[in-house]
Amino acid sequence: MHNSQIIAAAFYHFATLPDFADKKAPLEALCARREVSGTILLAAEGVNGTIAGKPEDVRAVLDFLRADSRLAALEHKESPAACQPFHRMKVRLKREIVTLGVPDLDPASHAGTYVEPSDWNALIDDPDVVLVDTRNDYEVAIGSFPGAINPATRRFSELPQWIERHRELRGKKIAMFCTGGIRCEKSTALLRSRGFDEVFHLKGGILKYLEVVPAQENRWQGECFVFD
């Protein structure tokens, strides 16, 4: 595959999937048949992946996932690729699709309130809102929203300890953001499980905000770290 007909698709979706392991073999078989490469993580809390191949083949894999009613609302982001960026296909069974290390969270039904990118500026302009960047320290260092708290974590699994050390935030209105949305959903579910009532997060993350919000209204400062 070395033509311009290749796309990469990044996606995640939180859903209650107690039978997640049953999807591994059919996904591997479909990806092999369609010559799709990349990585898909399956867990009881949902699915997370980045795959690449010819457009019709990538979409066949996405259609297979969405055929499960619990994953019907799965959204993905596409980008063109000059060549196949992945060497092989890996479908992995995991405890979590993004590792926080807190058992029994249910982001599928207990995440905070989604805020559309077009409404984000109004929310963070509220003087009563505490803005928290859920990304790791090296990501925050190159760019963030003005006034956002940096928890200075080296990895996402350190965030629960940071929250425990800042119990004074309980009772306040919290707005959280991350690169693509996945960590925000889990972070806000964690806060709600610990007694925080007013918790919001940026739908689609920083990437969707930068895509949707016009440059003259854009509040982002610096760069946005994105994993290749």
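Predicted model: local features only at pLDDT ≥ 70, side-chain atom pairs only at ≥ 80, totals over all residues.

User: Noted. In what order do the five strands of the open sheet run?

Analyst: The order is S4-S1-S3-S2-S5, and the pairing is mixed. S4 and strand S5 (89-93) are the edge strands, each pairing on one side only. On average, neighbouring strands of this sheet are turned by 10° against each other, direction ignored.

User: Which strands pair with S1, and in what sense?

Analyst: S1 pairs with S4 in the antiparallel sense over seven bridges. S1 also pairs with strand S3 (residues 46-53), again antiparallel, over eight bridges. For reference points, tyrosine 12 has glutamate 75 in S4 as its bridge partner, and alanine 8 has alanine 52 in S3.

User: Where's the parallel part?

Analyst: Strand S2 (residues 37-43) and S5 pair in the parallel sense, over five bridges. Threonine 39 stands opposite lysine 90 in S5 there.

User: Back to S1: how many of its residues are buried?

Analyst: Eight of the nine residues of strand S1 (residues 6-14) are buried, so the strand is largely enclosed by the rest of the structure.

User: OK, switching to electrostatics. How many salt bridges does the structure hold?

Analyst: There are 19 salt bridges. One of them joins the side chains of glutamate 78 and arginine 59, at 2.9 Å from N to O. Glutamate 78 sits in strand S4 (residues 75-81) and arginine 59 in helix H2 (residues 55-66), so this pair ties together parts 19 residues apart in sequence.

User: How exposed are those two side chains?

Analyst: Glutamate 78 is partly exposed at 31% relative accessible area. Arginine 59 is partly exposed as well, at 37% relative accessibility.

User: What about a pair where both residues are buried?

Analyst: Take arginine 183 and glutamate 139, which are both buried. Their side chains meet in a salt bridge of 3.0 Å, N to O. This pair links distant parts of the chain, with arginine 183 in helix H7 (residues 182-193) and glutamate 139 in helix H5 (residues 137-140), 44 residues apart.

User: And what's the N to O distance for glutamate 164 and arginine 167?

Analyst: It's 2.6 Å for the salt bridge between glutamate 164 and arginine 167. Glutamate 164 is partly exposed, with a relative accessible area of 32%. Arginine 167 is exposed, at 52%, and the cut-off for exposed is over 50%.

User: Which residues are linked in a network of salt bridges?

Analyst: Asp19, Lys23, Asp68 and Arg70 are linked that way.

User: New topic, voids. How many cavities of 30 Å³ or more does a search of the whole structure find?

Analyst: One. The largest cavity has about 40 Å³ of space in it.

User: What lines it?

Analyst: The lining of the largest cavity is made of Val132, Trp162, Ile163, Leu169, Ile174, Met176, Leu191 and Phe196. Helix H6 (159-165) and strand S9 (173-177) are the elements that give two or more residues to that lining.

User: How does that lining split by class?

Analyst: Eight nonpolar residues, no polar ones and no charged ones.

User: And the second largest pocket, what's its volume?

Analyst: The second largest pocket has a volume of about 220 Å³. Its lining has 14 residues, and Glu45, Arg95, Glu96, Asp104 and Leu105 lie nearest the centre.

User: How do the residues of that pocket's lining divide by class?

Analyst: The lining of the second largest pocket has six nonpolar, two polar and six charged residues.

User: Last one. Where is alanine 215 found?

Analyst: Alanine 215 is in the loop between helix H8 (205-212) and strand S11 (221-222). It counts as exposed, with 68% relative accessibility.

User: How far apart are the C-alpha atoms of alanine 215 and cysteine 184?

Analyst: They are separated by 23 Å, and the two residues are 31 residues apart along the chain.

How values were computed:
Residues numbered from 1 in each chain as written. Heavy atoms only, no water. Salt bridge = Lys/Arg side-chain N within 4 Å of Asp/Glu carboxyl O. Helix = DSSP H or I, 4+ residues; strand = E, 2+ residues; numbered from the N terminus. Buried < 20%, exposed > 50% of the residue type's maximum accessible area, 1.4 Å probe, protein only. 1 Å grid on protein atoms, 1.4 Å probe; cavity = no way out; pocket = protein on both sides within 12 Å on 5 of 7 lines; lining within 4 Å. Points joined across faces, edges and corners; volume = space filled by probe spheres on them. Nonpolar A, V, L, I, M, F, W, Y, C, P; charged D, E, K, R; others polar. Pairing = 2+ DSSP bridges. Axes fitted to C-alpha atoms, helices over the stretch in contact; angles between N-to-C directions.
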